[in-house]
Amino acid sequence: MTPDVIIDIRPFLAVGVSMLAALLIMFSDKKPNVREAWTLIAAFLKVTIIFSMLPAVWSGQVYEYTLFNIVDGIGFTLKTDAAGMLFAGLSSFLWVLTSFYSIGYMRGHHETHQTGYFASFAVCMSAAMGIAMAANLATFFIFFEILTLATYPLVIHKRDQEATDAGRKYLIYTLVTGQLFLAGIVFVYVVTGTTDFVAGGILSKDMAPVWVLQVVFFMMALAGMVKAGMMPFHGWLVSAMVAPTPVSALLHAVAVVKAGAFAVLRVVGYVFGPALLADIGAAQWLAWLAAFTIIVSSLIAMKQDNLKRRLAFSTVGQLSYVVLGTCILAPLSLVGAMFHIVAHATMKITLFFCAGAIFVTTHKANISEMQGIGRQMPFTMTAFTVASLGIAGMPFVVGFISKFNLAMGALQMSQPLYIAVLIASALLALSYLMPVSFMAFFKKNEHGDFQSYGEADKMMLIPLMITAIMAVVWGIMPNFGGHFFDLATMAAQSITQSWIGGAW
Amino acid sequence: MSQHFPVLIAVLPLAAALISPLLSYINRNLGKWLVLTAIGGSFISAVNVLLTVLSTGTPIHYYMGDWPAPIGIEFVLDPLNATLATLVTFVALMVGVYGTSFLADADWLKTAGYYTLYGLLTAGLAGMVITGDVFNLYVFLEISSLACYGLIALGGKKSVLAAFRYLVIGTIGASLYLLGVGYLYGITGTLNMADLAERIVPLLNSPAVYIAIGMFIVGFGIKMALFPLHGWQPDAYTFAHPAAAALIAGIMSKVPAYAILRFFFYVFGADSFVISTGLEIMGILACCGIVLGSVMAIAQQDFRRMLAYSSVAQIGYVIVGFAIGNVYGLIGAVLHIINHAFMKSTLFLTIGGVQYRYGESNIYKLGGIYSKMPATTVAMVIAAMSMIGLPPTGGFFSKWYLVLGAMETGQYLFIFIIILSSLLNAIYFFRVIEQIFIVPDAKLKEVNKPKGKLELPWQMVLPILVMGLGILALGFWNEPIVTNILNFALPEVLLR
């Protein structure tokens, strides 16, 4: 079934609005209030534009627009299909919340270089939208590299030695794999004569020897794996936690890392296709690596005392769920993988928001110092606890739905081992996140550290309450607001349509 | 009038350069403005010719003094060299405007000398591009080279030695080219390129042609600083007059590369054994140059010296494109000539700006420049991204076509080298970016204080921004360039 195509420039407007905002932010360097106004206006405009496309996409149509040709024969084309809508809708929604939170955080923390911060942030969001909606590999790659570059200023934000090293590490990881990705894209273009994303894949087995296809698959998947922080390529993500917390929250838990997972999804589902990958057995390896990452990262997370680092390792593990679900190749696991993009984003952004709120209010970054903090900051810590339970996969929180589908998909493919991995990881998640809540609510504060502090600033508190509430709402009604679950199902169906008829 | 546009491209700056000392003697500014106006006129002529060629679709033949070829000298303008002539004159115009502020306080003799040389350089480069006569090419090559030696020598204390060194090596290169032309004339009896292309066909496997081709490779190799003939370049670029360095670095080494393209693909034809062997050898040398140039660039502390080594690497991209030898390879090579002219000029313009204001070009003294010179920084960052080859800047797209061409013919070594070079480029340009943005203010002393609100005089800010944003424009609109101009010019070559 080919969906109806609506020729409409809205995808480009969604990308352009924050690019423009970045320019305006640069020029309003001296006036912080005007500068922040641009961020908020752009965030609201973007979310409006994206969600105005939702009804049609939900009913099976596709928005498409070609601005001009990038290179001979390849258009600079954006296309809002179900998978793209899911990622774009989610990121644009969370950007609104993060914008408010950022303002509260950056001002509360008296950060320097705020203009560069907000401008880079806006460019990052443009790039994320472009990645979500790119219609072909070339367009995808352009936004992928823009995202790499725009994140760099955010990583080096503190301008000290640690930040410089983190920035270098980040660039080495992402630029090297980006170049390999480029070579892979050129290979696909030469072999197939196109770079368009087609649900079910554009490559087939007769186009090149099997080992070549396997190598190219890894070259392309590697770029996604690095951005998604899969082991053993997770080093940059942990170092990058030196960035301000809103960056960790939206970019290093949602936009950038999810862009990596999304790249794997596009490569698996729309370039190679599940049929070919099942045949050449390349996805299997990636799935094993993902399973390995899930377990090991959880074990490492338990040892971290710095809250942000613990969350970073948790992100590493959770992102591998998406990769795992994608690489199991079953229809239901694909649904689970895509919905986990939504689920993990909502939960992890809550956790990071909480970590940031604690840091700005009390200047504590280590878990061992957070005894009794729940008495002073009850709302923050309640949100934290809800999100933690969701990460562990408790029913009625959004994480359950994605994990349930992942497990079902593993069964579809008769791979019970992955179910064991999922269960083990859930228990591990409980054991590294629950102690924080325990520490906060049940330990006595012996030093009397927190007497002078109250709840976090409203600019930070309200966004984190909203995301926590959304985690519960989506856990009960996964289609609330954005129809994200339906979108995931539609995308999974279209990917597996040509292979096993998309049925389950 | 309009039928004389082709010749005006070269003649206007040539004539203006020769008159300008006299006018400068009367008034310091007259000679300067004459040369700049002439280059502007030359640019307009080039654009005009380009538009005519594109709309009619046939090359323009211009016969000097109405002497028909092959007896007279002929200028041939097809889409390819009309584009390059436009590029040469445009960059010359921008850099010329930029240079005025460096010479604001110079006496009449220095101003006159500078602008005479500058006009001659422009005339020589434009002439090399548009001529259809192999001996005439030598004449323009020498005009541009001599002017270039002079401009390098004007740079300051250390520059005289660098200029002398370049003069000796460069003259050897030009002489080798002339000898090669002598061999070709000896066996074919013609100097006209089109005529030569016909007469050479039965003689392609003669030793004389082998020797001529070998001499061309070495001669042009010296001129474009192809590894291992690049020894003169770092000093020459580092000590060249900062006002002219952008034109010398951006264009000077690209025009010989164009000459190689013209000879090997249009005159000799790339399908013959000797040419394909020659291209293969040059391709290997280019790969060595890419790696060595990039590694050496990483080791430099002076921004201009780093850029000079990076030029050794970047000319390698162009040669690799020739060596790939299919349509995509050639598109990539020519696109890279254009892109590199923009990005290397931009980088020299920006560092020239820093030199103008703070008298500093050491990479490790650039801390905090971004807040003092924002426009310069923007242009510098764009150019650096383009050098690395990151989208959406122009540099990405030439790389794209090169990789595409290499992938099509299965020359994976070239893909590996191009990717490696991107990463090495990333190392030395991100080092600069770290210096600019992270390292605390270097507390430089201002040498020249800008008068108005701008960070530099407008004559400098304007070219810097135009060239810098031009890199982005080349990225966004590379497809029209490729389909309308290059695609139109190049496949004809490969059909031979």
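**A walk along the A–B interface**

Start by selecting A:Arg168 and B:Glu434, whose side chains form a salt bridge at 2.7 Å, N to O (a side-chain nitrogen of Lys or Arg within 4 Å of a carboxyl oxygen of Asp or Glu). The count between chain B and chain A is one salt bridge.

Before going on, please note that this is a predicted model, where local features need pLDDT of at least 70, side-chain atom pairs count only at pLDDT 80 or more, and totals for chains, interfaces and linings use all residues. Residues are numbered from 1 along each chain as its sequence is written, chains are lettered from A in the order in which they are written, and side-chain values use heavy atoms, leaving out hydrogens and water.

Now select the side of chain B that touches chain A. Elements giving two or more residues to it are α17 (394-409), α18 (412-437) and α20 (478-489) of chain B (helices are DSSP runs of H or I, at least four residues, numbered from the N terminus). Next, show both sides: 31 residues of chain B are in contact with 28 of chain A (heavy atoms within 4.5 Å). Together the two chains bury about 2800 Å², 76% of it on carbon and sulfur atoms (accessible area, 1.4 Å probe, lost on being put together, summed over both).

Then move to B:Thr238, in helix α9 (residues 233-239) of chain B. At 2% relative accessibility, B:Thr238 is buried (under 20% relative accessible area, 1.4 Å probe, protein chains only). Leaving aside residues up to four places away in sequence, B:Thr238 touches B:Asp302, B:Arg304 and B:Arg305.

Last stop: B:Cys148, buried with a relative accessible area of 0%.

Methods:
Buried means under 20% relative accessible area, exposed over 50%, partly exposed in between (1.4 Å probe, protein chains only).
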